Amino acid sequence: MDINLRIRRFNPEVDQKPYWAEYDLKEVQPVDRVLDLLEYVKGYLDGTLGLRRSCGHGICGSDTMRINGRNLLACKVLVKDLVRGDRGTIQVEPILGLPVIKDLIVDMEPFFEHYRAVMPYFINDEPAPERERLQSPAQRARFDESTKCILCAACTTSCPSFWANGTYIGPAAIIQAHRFIFDSRDTAGDRRLAILASEQGIWRCRTIFNCTLACPREIPVTQLIAEVKKEIK
Amino acid sequence: MTSTGSLPHKGNRFEASAWRLMRLSGILIVPLVFIHLAIMHLFNSVYTIDYQWVIEKRWALLGWRVYDAFLLWFAGLHGFNGLRNVLKDYVHRQAVYRGMVIAMIIVMLIVFGLGTVALIGTPLSPVF
C-alpha cells in the first residue's frame, strides 16, 4: 500500500509555529503499526522527528498520539484499521491539552501532577497482620477495571473539559483514585473523595464519554467516574 | 495550558448537590418538555394559542399550573446550572467568572419571578 503520512511537527528552537510534514511511504503492509511507519520515517527519512515509544506492545503507554483525529496508541493501531484500499492518508498529531515539547512529544508533567494529587498508592496505617491482608474475590473484583490503567493519558487528553480547563483533574486521575477508593484494604478513601470533590475535581466531568472511547485498555472510564461521583455525599 | 499545583483538599457539598439536581431534573424534563412540545406545536399552533387559550384551557385546571411550575423550575435550574458549568470550564479568571455568575443569577431570578407570578397571580377560574 502507499501511505501519505502527515505528521504535525514543531521544533520550538527552529519553528515559529507547528506545521504539517508529509511523507510518502511505499510498500506499506496492512498489518504494519503506525509506530512502524513513524520509526521508518525517523530511521530512514528524517532523524529529527521526535516521538516517545518504549515497549511497543501497548503496555507502557508512552506512544499515545492523536491519529486520524482519535487518541490511540501508535503501537496498537494497524494501518489496515485506518486505510482501506491500496492508498490513503494517515494523520498523526501530538495529544491535545498538554504543551508540546517537540513534534509528537508533549510535557506530561501536568498530567502526572494531577495523578499524584489523588494519592495513587496504598494507604493503611493499621498494624499489618501476621499474614497478608486478605480480600475476597468479590472485593477484588470491585476495582478490577481501574487496575488496568497504564497512564497513557489517552482519556484525559481526549476530554473536552480538560482541553478547556487544564486544571481539571481529568479522567485518568479519577480512575487511579477509584483503584484505591474501592479497595477494601485501603483506609484513605474519604481523603481521596475530598480531593475529588474540590473545585477542579470530579464535578468538571460532563459525561461526554470521549475517555471511554479513547481508552486503549477498554476501561469503562465514564462508568467508573460515575461510581466515584455517587460515593461523594 | 497551565496547572495549579496540588489540588486543594477541600470538599464541596454544593457541587455534589448540583450534580444530583442535574440528574433528577434531567430525567424529569424529558417527559415535561416533550409533552409541552406536543401540546404547543402538534395539537395546537401559534394560530390558536393566545393569552385567553392559556387562561381558559390550561390554567383553569390546577394540575396544568403545577405541570408548568415543574417545567419552569426544573428546566430553568437545569439550564442555568449547565450554563454555570460551561462558564466554569471556559472563564478562568475568578473575578470575571463571579461577575458572570452574579449576572446569570439576576437573569434567573427575573425569569423565575415572572414565571411564578404568572402561575400564581392569575385567577384559577376563567375570567373571560
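**Notes on the fold and packing**

1. In chain A, strand E1 (residues 2-9) runs parallel to its partner, strand E5 (residues 87-93), and 6 bridges join the pair. Strands are DSSP runs of E, at least two residues long, and helices are runs of H or I of at least four, both numbered from the N terminus; two strands pair if DSSP finds at least two bridges between them. Within this pairing, Ile3(A) is placed opposite Gly88(A) of E5(A).

2. This is a predicted model, in which local features need pLDDT of at least 70 and side-chain atom pairs count only at pLDDT 80 or more, while totals for chains, interfaces and linings use all residues. Residues are numbered from 1 along each chain as its sequence is written, with chains lettered from A and ligands numbered from 1 in the order in which they are written.

3. The open sheet of chain A holds 5 strands in the order E2-E1-E5-E3-E4, and its pairing is mixed. Strand E2 (19-25) and strand E4 (70-73) of chain A form the edges, each pairing on one side only. From one strand to the next, the twist averages 35 degrees.

4. Helix H1 (residues 34-45) of chain A lies across E1, E2, strand E3 (64-67) and E5 of chain A, at about 95 degrees to E2(A). Axes are lines fitted to C-alpha atoms, for helices over the stretch in contact, and angles run from 0 to 180 degrees between N-to-C directions. Two residues are in contact if their C-beta atoms, placed from the backbone, lie within 7 Å.

5. Chain A is divided into domain 1 (2-105) and domain 2 (108-231), with bounds from an automatic or database domain assignment. Their centres, taken over C-alpha atoms, are separated by 29 Å. The contact involves 13 residues of domain 1 of chain A and 15 residues of domain 2 of chain A. On the domain 1 side, E4(A) supplies the largest share, 3 residues.

6. In chain B, helix H1 (residues 13-43) packs against helix H3 (residues 62-90) at an angle of about 130 degrees, with the axes 8 Å apart. H1(B) is therefore oblique to H3(B), since angles under 35 degrees count as roughly parallel, over 145 as roughly antiparallel, 65 to 115 as roughly perpendicular and the rest as oblique. Among the residues that meet are Leu21(B) and Ile29(B) in H1(B), and Phe70(B) and Phe74(B) in H3(B).
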